[in-house]
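Work through the exercises below with the sequence and the model at hand. Try each task before reading its solution.

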Amino acid sequence: MNSYKCSDGFYIKKSIIDRNVRMAKAKKLSQQRDEIGYNVCEKCHLNTDIPIDCSHIISVDECQKQGKSELAWDLENFQIFGRKCHNLHDKLNLKFTT
């Protein structure tokens with residue numbers, strides 16, 4: 001399936017979802033930079049020499065399965081993590097879902 005349902009009942013193409021997610025991640029990082037002057041992991045609060053990632057609270061896959069595709073690019077559905085915390089977060093979430 002190449003299109004996914006939104007809460008309003010309309011369907012949206014996967015390519016548009018992916019584009020909206022990329023733009024939302026950039027905006028989330030930009031907002032944090034504007035607020036405090038730099039990007040920092042929201043978990044460990046480190047910012048030096050670490051890659052910073054935007055992590056979904058509700059995954060894109062789950063948003064699509066729930067018929068709420070627009071949540072995939074909702075800024076409230078992102079957390080900013082350093083790579084180490086992001087990997088740990090993903091491993092812990094996998095333990096709870098299996």
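The model is predicted: local features need pLDDT of at least 70, side-chain atom pairs count only at pLDDT 80 or more, and totals for chains, interfaces and linings use all residues. Residues are numbered from 1 along each chain as its sequence is written, and side-chain values use heavy atoms, with hydrogens and water left out.

**Exercise 1.** State how many helices and strands the chain has, and the pattern they follow.

Solution. Helices (H or I, at least four residues) and strands (E, at least two) are DSSP runs, numbered from the N terminus. By this rule the chain has three helices and four strands. Along the sequence they give the pattern β-β-α-β-α-β-α.

**Exercise 2.** Decide whether Asn20 is buried or exposed, and find what Asn20 touches.

Solution. First place the residue: Asn20 is in helix 1, residues 14-36. Next apply the cut-offs: buried means under 20% relative accessible area, exposed over 50%, and partly exposed in between, with a 1.4 Å probe and protein chains only. Asn20 is buried because its relative accessibility is 14%. Then look for contacts, meaning heavy atoms within 4.5 Å. Leaving out residues up to four places away in sequence, Asn20 touches Ile12 and Trp73.

**Exercise 3.** Describe burial and contacts over the whole chain.

Solution. Of the 98 residues in the chain, 33% are buried. Among contacts with a separation of 6 or more, 59% are between residues 24 or more positions apart. Finally, the C-alpha atoms fill a box of roughly 40 × 35 × 20 Å along the principal axes.
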